[in-house]
Amino acid sequence: MVRTFRTRLIISFTALAALVLMVSFGAVWLATSQQSERTLERELEVSERVFNELMDVRAQQLQQTAEVLTTDFGFREAIASKDQNTIISALVNHGERIGTDLMVLQSPVGEEIAATHAMSWQPQSLGSQRVSAQLMLVEESIFQVVSVPVMAPDLIAWATLGFEVDDEFATLMRQLTHADITFINDSSRAIYATSLPAQARQKIASEATELPTLFASLNLATHSSALADLPIAATEDSNMLLVFSADRQEAASEFRTLQQQYLIIALAILVVAVLLAVFTARMISSPVAQLTRSAKRLGQGDYSSPITLTRNDEFGALGHAFEQMRQGISAREQQIVYQLEHDILTGLPNRNSLQQELASRLKKQQRGHVVLVNIARFREVNDRFGQLVGDELLHAVAERLRDNCGSHWWLSRLAGDEFVLLSHKQSETSLKNLLTQLQAALSQPFWLAETSYLLEFHAGYLAFPNVGDDADSLLRRAQICARFAKQQKQFAVVYQQGMDEQHLRRIQIVQALPSAVRENRLQLHFQPKLRCTDGAVIGVEALLRWRDDALGVVRPDEFIPLAEQTGEINRLTRWVCMAAFDQLQLWHEQGRQLSVAINLSAVDLQWDELVAFLTEGAQQRGIPCHLVTLEVTESAVMLDPEQAIMRLQELRDSGFKIALDDYGTGYASLGQLKRLPVDELKLDRAFIQDIVHSDVDMAIVRSTLALAHQLGLATVAEGIEEQAAWHLLRDLRCDTMQGFYFSRPLAAPQFEQWLVDYQANEQLVQKENQ
Ligand code: C2E
Ligand code: CA
Ligand code: CA
């Protein structure tokens with residue numbers, strides 16, 4: 001198979017040229033051959049004519065001589081006197097003049113008077129008429145003879161003169177006409193005269209093949225006539241033929257040179273055509289080959305070498321298009337590579353790059369630190385301010401990190417709100433410096449279009465390769481640390497053994513929680529709330545309890561934040577509210593006029609249906625709203641004060657009481673506190689638990705209570721663990737209290753029992769006091 005276009009082009013070009021030349025050569029060859037044949041035919045016809053004319057000339061010669069002879073007086077007398085000697089000498093004399101070969105003198109009745117040859121022919125059969133030249137066979141030879149009567153005045157004799165038609169004559173003919181002449185008897189193959197060479201002559205004489213075929217086999221063109229048909233012939237024998245023949249080869253020879261010349265020219269043209277084809281093919285194929293090489297290079301991903309095809313034709317244009325394509329691909333590839341390795345938003349190296357970088361450092365057995373910085377609740381930021389602000393904030397965060405990490409740290413963006421810094425060596429000082437610097441820098445608000453945004457950051461860090469030997473587990477552990485930092489409300493937490501297990505437990509909790517809610521495997525416990533002045537039980541705080549078969553007891557501190565993160569919290573809150581309402585309804589029916597406090601999380605405040613849901617729930621069970629307190633932590637309110645204020649106001653308008661839980665741990669300023677639609681402040685147990693022994697806590701609680709009263713808020717203290725604390729708080733004019741000193745949170749039946757016991761005890765004390 002011919003594979004290259006170039007070879008195909010050369011072959012077809014050459015084949016075409018060869019075909020054209022072959023056809024035209026064939027035409028020339030045919031034409032010249034036909035021409036040669038026609039020329040031969042004409043030559044032979046001319047030969048015949050020349051032969052006839054020659055015969056005529058010779059006949060006239062013979063006739064003149066014969067006439068001179070017969071008018072010779074002495075000769076006539078010699079005949080009359082039968083003077084044999086004179087007759088013969090006269091015959092010889094006259095005959096020699098023209099070189100006759102045959103001389104016969106016959107009596108009027110045909111008797112031979114004198115003769116060179118024995119002639120059986122009877123001239124007297126012609127009468128006294130003269131006989132012009134004719135051919136006749138005499139003694140196995142052909143002669144052209146002329147017979148004339150000798151008159152004195154009567155016919156006294158017939159004189160016959162003749163030339164022999166022999167090889168010599170044939171040769172003469174050949175010299176005159178260029179054609180061979182052959183007298184032959186077709187049946188006996190006796191050759192009487194011929195100019196043909198001995199070899200041909202022998203072949204003709206010896207072979208029985210038909211004459212035309214035989215001559216043709218000798219490459220002779222023939223024109224033959226039966227001698228009998230000739231006007232000059234005296235023989236009746238139709239087997240006697242006169243054959244004119246000409247050598248085809250000889251005739252063709254002049255055409256042969258023409259053909260040869262044509263062939264040479266054709267070959268020359270063919271060579272030129274081949275050269276031209278090679279040249280053209282190269283002219284076409286070399287740019288194609290060049291472009292093919294370039295395309296292959298592009299295919300192998302080499303976009304660096306430019307494609308230069310400096311031509312003004314279509315190939316040049318194609319090359320130019322190729323070059324443009326290369327530039328386009330190259331630019332796009334660079335862009336793709338950049339995008340593969342970088343985060344579009346911040347321009348920082350992305351997760352891919354980070355993983356590669358970390359993996360390569362681990363492979364080189366380098367040491368260093370991984371610091372992962374996470375923006376807390378960034379999803380909320382996005383939800384509240386929109387994606388655009390979120391993006392701008394991310395950009396600003398990236399910039400701030402870049403500005404503060406210094407050249408020892410390699411900064412990248414791991415995911416949406418996670419940034420990772422890698423240090424080039426393991427230096428504790430450098431790590432400490434970075435964390436201090438970042439904490440300070442990130443606690444400053446971010447300004448976007450004259451609005452300030454305060455974001456919360458948490459960091460997890462660890463040293464490698466100590467803590468893990470693959471990039472993925474290092475990053476995962478840093479993420480776990482950052483989550484711990486958030487849980488523990490610290491800026492940065494270092495990785496410690498066991499964090500993985502805790503993390504795993506958290507994952508299991510997240511997985512198990514939805515079914516626990518669905519299948520009612522949660523429980524509500526109730527902790528009594530008492531009036532400080534007299535210790536009367538006025539209500540309960542509902543607290544969630546979950547005991548899972550696989551996970552054991554799961555504390556609300558553990559699963560509530562997770563439920564907030566996964567969005568499960570909404571279902572959880574609904575469950576808690578319904579369960580609390582049901583219980584309250586039951587107690588009311590039993591005549592226990594208790595109030596209930598329900599904990600809401602920050603996420604619940606964003607739920608638009610919240611107010612309707614609670615109002616309906618309470619109404620259905622005939623629970624007056626003012627017996628329901630909704631506890632919201634200070635930090636939940638501070639996350640989005642505007643939204644929280646709006647929602648709390650709605651709830652309050654519906655009649656519910658609002659308590660600000662864990663007060664003192666968040667950062668609510670006095671001004672903000674004033675604006676918040678709350679009914680009571682619930683002091684965090686951190687200030688209460690040790691109040692009896694800590695002057696500082698005491699001072700804080702005292703001023704907080706004073707402030708609350710100033711603002712017209714009721715106060716609740718949680719975490720009363722000893723009687724002294726109760727009394728202290730009572731003296732500080734705190735309104736309500738709860739704590740282990742009175743009771744831990746209990747399931748409803750146990751709570752009811754406790755209540756019975758407590759009230760009985762209370763009465764006892766009162767009696768004692770009385
Ligand atoms: P909290 O709202 O501050 O709830 C009071 C927590 O203090 C309860 O922990 C309670 O058992 C504990 N406590 C009460 N008295 C004392 C005491 O004298 N000493 C000490 N050391 N602790 C005391 P608990 O039940 O483990 O709940 C922890 C937190 O989980 C709650 O803090 C609350 O924020 C959250 N939580 C519990 N139930 C729910 C719920 O139904 N919904 C929501 N959103 N959060 C809940
Ligand atoms: Ca609470
Ligand atoms: Ca609390």
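User: Which helix holds Met22?

Analyst: The model is predicted: local features need pLDDT of at least 70, side-chain atom pairs count only at pLDDT 80 or more, and totals for chains, interfaces and linings use all residues. Residues are numbered from 1 along each chain, chains are lettered from A and ligands numbered from 1 as written, and side-chain values use heavy atoms, without hydrogens or water. Helices are DSSP runs (H or I, at least four residues), and strands are E runs of at least two, both numbered from the N terminus. Met22 sits in residues 5-71, helix H1.

User: Is Met22 buried or exposed?

Analyst: Buried means under 20% relative accessible area, exposed over 50%, partly exposed in between (1.4 Å probe, protein chains only). Met22 has 57% relative accessibility, so Met22 is exposed.

User: Which residues coordinate the calcium ion (ligand 3)?

Analyst: Donors are N, O and S atoms within 2.8 Å of the metal (3.2 Å for Na, K and Ca); water is not among the atoms, so sites may look incomplete. The contacts span 2.0 to 2.7 Å. In sequence, the donor residues follow D-D-x55-E.

User: Which strands hold Asp662 and Glu718?

Analyst: The pair ties together parts 56 residues apart in sequence, because Asp662 and Glu718 lie in separate strands. Asp662 is partly exposed at 23%, whereas Glu718 is buried at 7%. The strands are S22 (residues 657-663) for Asp662 and S24 (residues 714-718) for Glu718.

User: Which residue coordinates both calcium ions, ligand 3 and ligand 2?

Analyst: The two ions are 4.1 Å apart. The residue coordinating both is Asp661.
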